[in-house]
Amino acid sequence: MAKVSMVVNGKPVSGEVEPRTLLVHFLRETLRLTGTHVGCDTSQCGACVVHVDGAAIKSCTTLAVSCEGAHVTTIEGLAQGDRLHPMQEAFRDNHGLQCGFCTPGMIMTAVDMVNRKGNRLDETTIRHELEGNICRCTGYHNIVKAVAAGAANMPAKAAAE
Amino acid sequence: MTATGIGAPVRRKEDFRFVTGRGRYVDDINRPGQAYAFFVRSPHAHANIRGIDASAALAHPGVLSVLTGDDIAADKVGGLICGWAIFNKDGSPMRAGPHPALAQGKVRYVGDHVAVVIAETLAAARDGAEKVAVDYEVLPAAADIAAARKSGAPQIHEAAPNNAVFDWHLGDKAATDAAFARARHVTKLEIVNNRLAPNPMEPRAAVGEYDFGSDSFTLYTTSQNPHVARLVLSAFIGIAPEHKLRVVAPDVGGGFGSKIFIYAEETVCVWASRKVGRPVKWTCDRTEAFLCDAHGRDHVTHAELAIGDNNRIIGLRVHTDANLGAYLSTFASSVPTYLYAPLLSGQYDIPAIYAQVDAWYTNTAPVDAYRGAGRPEATFVVERLVEVAARELRMDPAEFRRANFVRTFPHQTPVIMAYDAGDYEASLKKAQEMHDVKGFGARKAASAAKGKLRGLGYSAYIEACGIAPSAAVGSLGAGVGLWESAEVRVNPIGTVEILTGSHSHGQGHETTFAQLVSDRLGIPIDNVSIVHGDTDKVQMGMGTYGSRSGAVGMSAIYKALDKIEAKAKKVAAHVLEASETDIEFKDGKFTVKGTDKAADFGTIALNAYIAHKFSGQELEPGLKESAFWDPTNFTFPAGVHICEVEFDPADGVVRIDRWTAVDDFGKVINPLIVEGQVHGGIAQGVGQALYEGAVYDEAGQLVTASYMDYCMPRADNLPSYNVGMTVTPCPSNPLGIKGCGEAGAIAAPPAVINAITDALGHENISMPATPEKVWRAAQGVVPRQAAE
């Protein structure tokens, strides 16, 4: 067993895990933050996207012990209480989700996209940037609209963390 | 229309929990003392099991138990069932082999369930499974229809000689043959409807729990129909009687048909929970999902269309071979038969139709309903035939369709269905206008100037939804009725809980159903909760598939609301001291005709419970009603989709330039949600047409068992969609709803292929039309400036 410590959603946490434990399982099973999902195991679908030290990563192919000392943000850490993050609000306003399973990863990817690419995102950019996130319900139409709207509503030079 | 009533684009009530990561899916549920299951699966497509040695696995730290087919047989747990009886042409029943939850002596496809290892942790269960030694005698495999039907083919089930499950037919063969004999032109096509893996983003999962104190089980499962799961697990598999088995399907992350069925894994989790005395959890990984979730489609069809004078279709004839996989899944037999052939008339007035369908066992995963289920296969046949026929007759494909549309209703087809309402011309006209079909020639010329090919393809689809009148499906072999139930519980302060047998796994019932109630009772939408997915709360229901939740599920709610209104008027008569016949109810207010006396809904609800204003002998206290709604007909959503593609013959990468969909779903409750269903359906249909294919090699190994090999449509593979509606209300349910869940997946594949073949100028392309196939098909094709 290995001890691992990190800051998750602003809170210092630690746990004893088998060294092979993936970050997503540490989040879901040890911390019971079940908003981060496992959809494919091979880092294609993006349901497991979280931010580690400010960058989007796929937590299903990241060892928990490799995040020692890191700052991790999950979907649960995005809203301020009942006040949704602009990207969460945009997904809700634009019907950018149906079953909701891919949604946390989509939102975390979208926030990262804005952090890297700015607030004005055109359709081509959004579609290209979403290649690592698969949705089976929406056909992406409303996700693309949601990301554009959420990006526009995020503060300029946004930092989600 | 109110802001939250019928027809309003209400933002979804369920979304707050989903966008904040607070959804509760089965894998999010952990029960105290829970152990973990991992399945030992067959690496072979076909093999006898000579022995299983679990000693090393049992010695592995953390492993609690290893259970095999012998154990499940010893406990007399029944096999999985197929709930729809199909009869051969000679009247004999279909030939179905046994389907044990854990293999008994033989495995029949890669991924078949050999044993389950139950351990303290998932890692220990997985490690233990690697230590289970299975002695296989590998047998030759039949991995597709051609191999399965060959003489001397490996025999998969003793019960089905030559691997033939059934040979079934529908329609008047003599009349159809006569139509072909007198045809002026016959169009013929060989069609492969490619095999697909459904791939809801949430993999299946199950937690079984046994309570020794009450001698009862609870199963948390990723199901589209928890009551059907309970019924099958109780009445057929025999795990526990229904009153001792609670099935909970909480938030479910998409289904598309694949979560209708009752699978081995949840059966084993429930059974094993008593055996090991611990809750048992199983969560599918993606490769297991590819191997074991029921696949869809997989038809091979020879199709012919007979055309008589004035370009009128006079006959349609198909011979379809359907691959059902290694075992008959829950509704497998209904898909290539009664969900397929009755749709072969399309939107057209065709006097004679004959369909012959032969179904085969193969050493592959079971094949069952996937979004559209039979109707996409039928629509692909019909819409490819009419498109190619028009081209052969040198007619505009739209005009050829127009010349053959059904124009009067009701319309009895020669293949069971009685279309009740529609206006196919209206959808076609609107779609052509929205798409700017007139501008296509200029766009094609512009593409050609860049060296690119451009094509336009139509799909004028129809589907049968609102599944389905119980007596009708019973007469066709269904083992269940397909009504729906609802219970309306009005609380003393006037808030309302709706208990429904429908199940939402992305469709937004918590919003749409609440809109109906808000509209009808004149109460705020936030005062309405929708309760579903728990057999301890909702007494009975048939679940969600076949675009049935609106047409059937909401009609049940509507009927229960009728009873609520009638009872509330009686209460109001006492409260307002008036005659019941003088009570009127509108916009949430009870009034007395011709007076200014009024009471709001909450006041009447409270009075129903405090019961001070009337005698309990003449009027029962309380305000709670239920209804079962059994439809009188299927519903018939229909529409026209137009796909326009452009590609460079040098690389064959098809880009969808624009997509127009005009659908007639009858009355729409929430256009935001309905349009979302259309978008998602189109994406799945485009996936089938351009990207997806579940492929087995000759030995029966699935070579597309992860997202690295199976191409799921990504955001940059798809366009934005131009979606419009026309409305002819459905006459067979009180709300006029037809259903919208499958339309896109049904309409899209032929629209894409018709567009690609239009661009190519020939018909030699199959699905999925990958860049390699399109590149090969485009060799020698020169972009032309003119649009024909």
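Reader: In this predicted model, at about what angle to strand 11 of chain B does helix 7 of chain B run?

Author: Helix 7 of chain B, residues 226-236, lies across two strands of chain B, namely strand 10 (216-221) and strand 11. Taken against the direction of strand 11 of chain B, the helix runs at about 145°.

Reader: Which element of chain B gives the largest share of the side of domain 1 that touches domain 3 of chain B?

Author: The domain assignment gives domain 1 of chain B as 33-139 + 218-254 + 259-277 and domain 3 of chain B as 483-629, and the centres of these two domains, taken over C-alpha atoms, are separated by 41 Å. In the contact between them, 16 residues of domain 1 of chain B meet 14 residues of domain 3 of chain B. The elements giving two or more residues to the domain 1 side are strand 11 and helix 7 of chain B. The largest share, 4 residues, comes from helix 7 of chain B.

Reader: Which strands are the edge strands of the open sheet of 7 strands in chain B?

Author: The sheet has mixed pairing, and its strands follow the order 3-5-1-12-9-10-11 in chain B.

Reader: In which sense do strand 1 and strand 12 of chain B pair?

Author: Strand 1 of chain B covers residues 35-41 and strand 12 of chain B covers residues 280-283, with 2 bridges in their pairing. Within this pair, B:Tyr36 stands opposite B:Lys281 of strand 12. The sense of the pairing is parallel.

Reader: Which strands does helix 4 of chain B touch where it packs on the sheet?

Author: Helix 4 of chain B, residues 122-130, has a direction that makes about 25° with that of strand 1 of chain B. In packing on the sheet, the helix touches strand 1, strand 3 and strand 5 (113-119) of chain B.

Reader: Are helix 10 and helix 19 of chain B roughly parallel or roughly antiparallel to each other?

Author: The axes of helix 10 (residues 375-392) and helix 19 (residues 743-760) of chain B come within 8 Å and cross at roughly 30°. Helix 10 of chain B passes helix 19 of chain B in a right-handed crossing. Because angles under 35 degrees count as roughly parallel, helix 10 and helix 19 of chain B are roughly parallel.

Reader: How many nonpolar, polar and charged residues does the contact of helix 10 with helix 19 of chain B have?

Author: Among the residues that meet are B:Phe380, B:Glu383 and B:Arg384 in helix 10 of chain B, and B:Ile746, B:Pro749 and B:Ile753 in helix 19 of chain B. By class, this contact has 8 nonpolar, 2 polar and 4 charged residues.

Reader: Which element gives the most to the side of chain B that touches chain A?

Author: Between the chains, 42 residues of chain B are in contact with 44 residues of chain A. On the chain B side, the elements that give two or more residues are helix 1 (15-19) and helix 18 (671-691) of chain B. The element that gives the most, with 7 residues, is helix 18 of chain B.

Note on methods: Residues numbered from 1 in each chain as written. Chains lettered and ligands numbered in written order. Predicted model: local features only at pLDDT ≥ 70, side-chain atom pairs only at ≥ 80, totals over all residues. Pairing = 2+ DSSP bridges. Contact = placed C-beta atoms within 7 Å. Axes fitted to C-alpha atoms, helices over the stretch in contact; angles between N-to-C directions. Domains from an automatic or database assignment. Parallel < 35°, antiparallel > 145°, perpendicular 65-115°, else oblique. Left-handed = near helix turned anticlockwise from the far one by under 90°. Nonpolar A, V, L, I, M, F, W, Y, C, P; charged D, E, K, R; others polar.
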